[in-house]
Amino acid sequence: TAAWPVLPGVGRAALLLGLALAAWTGWRQVQQLRRRDSIELDLQSERLRRLERRAQQFDEAEHLVDLGSFDWYLDRNELHWSEQHYRLWGYEPGTVLPTLALFERHVHPDDRDRVSGLLQQALLGRVGYDCTHRVQRSDGSVRVVRARGAVTFDDQGVARRMIGAVLDITERVQVEDSLRLHAFVLDAIADPVGVI
């Protein structure tokens, strides 16, 4: 600005042109950054929408097949259940805090020692967790489930995380029991043709 009065007209025009060009370049860079930020925000929003759709699809699929899933961080003592896992135990999703004590309380008393032993063996890395047991739901009804889990260990061999799934197999067990009963009755009949 100090040189402005002494500059000839062409110099003033060149200076104004240079300032305008610098301003326009700066404005373009800001616009490009805004556009890039907007595109990144749109991409992040789309990723979030896709994740939400996948989570909803996963919840619906679990519900259709009576399958629940869990994620247990042993080092932080955090247990997370899927929505269907809550339902398998007789709760509405999010109405209780999943804990090992809550899990153990719902395992049928006749199955508790066996389930606890299998769980401890899995946490020690001796076997994979694969267990069929009964669950006493919060309403008092009893369901039969098959639970499977994979344990992750740290470098020292200490169990850090267990992730798994629980499948309600009550109807299958009831059908198998019924078939066994029918087979027993048919085997006990000395003359099946005469009975028919």
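1. Strand E4 (residues 142-153) and strand E5 run antiparallel and are joined by nine bridges, where strands are DSSP runs of E with at least two residues, numbered from the N terminus, and two strands count as paired if DSSP finds at least two bridges between them. The model is a predicted one, in which local features need pLDDT of at least 70 and side-chain atom pairs count only at pLDDT 80 or more, while totals for chains, interfaces and linings use all residues. Residues are numbered from 1 along each chain as its sequence is written, and side-chain values use heavy atoms, with hydrogens and water left out.

2. The hairpin of E4 and E5 has five residues between the strands, and Gly 157 there takes a positive phi near 85°.

3. E5 (residues 159-168) also pairs with E1, in the antiparallel sense and over seven bridges. Val 166 in E5 stands opposite Gly 68 and is the bridge partner of Ala 147.

4. Trp 81 has contacts (heavy atoms within 4.5 Å) with Ser 69, Phe 70, Tyr 86, Trp 89, Pro 98 and Leu 102, residues up to four places away in sequence not being counted.

5. Asn 77, in the loop between strand E1 (67-73) and strand E2 (78-81), has a positive phi of about 55° although it is not a glycine.

How values were computed:
Helix = DSSP H or I, 4+ residues; strand = E, 2+ residues; numbered from the N terminus.
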